[in-house]
Structures are given as C-alpha cells and as structure tokens.
Amino acid sequence: MYLIEKIRMKVIEMEMQNWKIEFNWIKAHAGHQGNELADQLAKEAATNGDIDECYKRIPKSTVISELSDLSVTKWQTEWDHATKGAIMKAFFPKIADRLKMKINITPNFTTMVTGHGNIKSYLHKYKILDSPMCSCKSREQTVDHILYDGKLLEQERDSLKGAVLWTENWPVSKNKLIKKFYKNFKKFTNNIPFDKL
C-alpha cells in the first residue's frame with residue numbers, strides 16, 4: 001500500500017501544478033522519449049541494491065485495483081458536479097455501481113437512459129420537430145412520460161409495473177429500476193415503438 005500512496009501523492013502534487021495526467025498505451029521500444037526514459041529509470045531502480053523499498057511484494061492486481069479506485073473516485077466527483085446528463089444521473093448516480101453492471105446496450109435502452117434520440121421533447125429542443133407533445137396528447141413526451149404515465153404504453157408498462165409492485169411502490173426511482181429490475185426495464189424499453197409514438 002505504500003507504493004500506491006506514493007503514486008497517489010505524486011499525482012496530487014502534479015495536479016496541483018496543473019499537470020494533465022493521462023495513461024496511454026505506447027508501443028515498447030519505438031523510440032518514444034518518455035517511454036525510453038521510463039524504461040531506463042525502471043532498469044536503474046531494479047538493479048539498485050540501495051533502495052529500501054521492495055515493490056515485488058505488492059501484487060500487480062492490487063496496484064491496478066488501487067489506481068482504478070482512484071480513477072473511479074475522480075470520475076464520481078466530476079459526475080456529481082456535472083451540469084449535464086440529469087436523466088442519466090437519475091438512472092446511474094454512482095459510477096462504481098454502473099461499472100459493476102453488465103448491460104446489453106440497445107438503441108431504445110440508450111434513448112431511455114439518456115433522454116436523447118427519438119423522444120419528442122429532445123427532437124423539439126433541436127428544432128427537428130415542431131412540437132414536443134406526445135401522440136397521446138396528454139403532455140410533452142419525455143422519459144418520465146414514457147416510463148411512468150404515457151397512455152400509449154400502458155400495456156408494456158403493466159408488465160414492468162407488475163414486477164416492481166412485488167417489492168416496491170410504483171412509481172419507483174430510475175436508479176432502483178436499473179439496479180433491481182434491469183431485465184424488466186430492458187424488456188419494457190425494447191418494446192417501445194418510438195416510430196409510432
């Protein structure tokens with residue numbers, strides 16, 4: 001853990017000096033100056049018997065995990081302070097939870113969790129449609145309208161609602177919908193006929 005803490009402190013120090021830090025793959029032995037310098041320093045450190053610390057005792061998986069945790073923490077901070085993506089934040093407020101999920105992305109699923117795509121309020125915002133009103137004429141077609149109360153999707157919604165009502169109240173939060181009822185939600189989204197709404 002000492003190595004990870006040293007790396008973390010060095011990263012913080014560099015960020016305070018306005019360094020931009022990126023991790024990129026670079027082909028080995030291709031003459032890249034930074035890569036050649038890193039190789040040289042690594043060889044010097046490996047052959048130097050005067051170094052007190054022994055990094056061989058830290059498994060590679062621990063280093064990767066620690067760096068990953070640092071990245072996820074930074075990503076979460078940026079996500080929390082972002083002013084865009086409100087719909088997606090409602091579905092995925094915690095980056096770590098989203099990274100643990102295995103999601104099979106479809107166009108309809110993406111449309112629903114982002115609010116982009118074939119939703120009339122989105123298309124109207126960009127002047128692609130003249131009106132944001134849903135075909136049911138009750139209100140503006142938004143993700144919430146489609147998900148919770150659009151009259152044209154009552155039959156599709158009943159299946160999702162039935163699954164939720166076994167353990168939760170309806171309407172359920174978007175985050176719970178994804179975490180606890182992903183399969184039902186995905187089935188609902190895949191059955192949305194956006195071209196007919």
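Me: What percentage of the residues of the protein chain count as buried?

Reply: A residue is called buried when its relative accessible area is under 20%, exposed when it is over 50%, and partly exposed in between (1.4 Å probe, protein chains only). Of the 197 residues of the protein chain, 29% are buried by that rule. Please note that this is a predicted model, in which local features need pLDDT of at least 70 and side-chain atom pairs count only at pLDDT 80 or more, while totals for chains, interfaces and linings use all residues. Residues are numbered from 1 along each chain as its sequence is written, and side-chain values use heavy atoms, with hydrogens and water left out.

Me: How many helices and strands are there in the protein chain?

Reply: Helices (H or I, at least four residues) and strands (E, at least two) are DSSP runs, numbered from the N terminus. The protein chain has 11 helices and 0 strands. Its pattern along the sequence is accordingly written α-α-α-α-α-α-α-α-α-α-α.

Me: How is the accessible surface of the protein chain described?

Reply: Accessible areas come from the Shrake-Rupley method with a 1.4 Å probe, and for residues only the protein chains shown count as cover. For the protein chain the accessible surface is about 14100 Å², and carbon and sulfur atoms hold 55% of that.

Me: What share of the contacts in the protein chain joins residues 24 or more positions apart?

Reply: Contact means heavy atoms within 4.5 Å. Among contacts with a separation of 6 or more, 48% are between residues 24 or more positions apart.

Me: Where does Phe91 lie, and is Phe91 buried or exposed?

Reply: Phe91 belongs to helix α4 (residues 86-91). With a relative accessible area of 0%, Phe91 is buried. Setting aside neighbours within four places in sequence, Phe91 is in contact with Met112, Val113, Val143, Leu147, Lys174, Asn175, Ile178 and Phe185.

Me: At what angle do helix α6 and helix α11 pack?

Reply: Axes are lines fitted to C-alpha atoms, for helices over the stretch in contact, and angles run from 0 to 180 degrees between N-to-C directions. Helix α6 (residues 107-114) and helix α11 (residues 182-190) pack at about 105 degrees, and their axes are 8 Å apart. This makes α6 roughly perpendicular to α11. Angles of 65 to 115 degrees carry that name, those under 35 count as roughly parallel, those over 145 as roughly antiparallel, and the rest as oblique.

Me: Which residues of α6 and α11 meet?

Reply: From α6 come Asn108, Phe109, Met112 and Val113, which meet Tyr182, Phe185, Phe188, Thr189 and Asn190 in α11. By class, the contact of α6 with α11 has 6 nonpolar, 3 polar and no charged residues. In this scheme Ala, Val, Leu, Ile, Met, Phe, Trp, Tyr, Cys and Pro are nonpolar, Asp, Glu, Lys and Arg are charged, and the others, Gly among them, are polar. Thr189, in helix α11, is buried with a relative accessible area of 0%. Not counting residues up to four places away in sequence, Thr189 touches Asn108, Phe109 and Met112.

Me: Why do the buried residues of α11 line one face of the helix?

Reply: An α-helix has 3.6 residues a turn, so residues three or four places apart point the same way. In α11, Tyr182, Phe185, Lys186, Phe188 and Thr189 are buried. Seen down the axis of α11, these residues fall within an arc of 160 degrees, so they line one face of the helix. The arc is that of the directions from the helix axis to the C-beta atoms. Lys183 and Lys187, on the other side of α11, are exposed. The cover over the buried residues of α11 includes α4, α6, α8 (143-149), α9 (154-165) and α10 (174-180).

Me: How many of the residues of α6 are buried?

Reply: In α6, 6 of its 8 residues are buried, and the helix is mostly covered. The buried residues of α6 pack against α4, α8, α10 and α11.

Me: Which peptide bond is cis?

Reply: Most residues other than glycine have a negative phi, and most peptide bonds are trans. The bond from Trp170 to Pro171 is cis, with omega near 5 degrees. Pro171 lies in the loop between α9 and α10.
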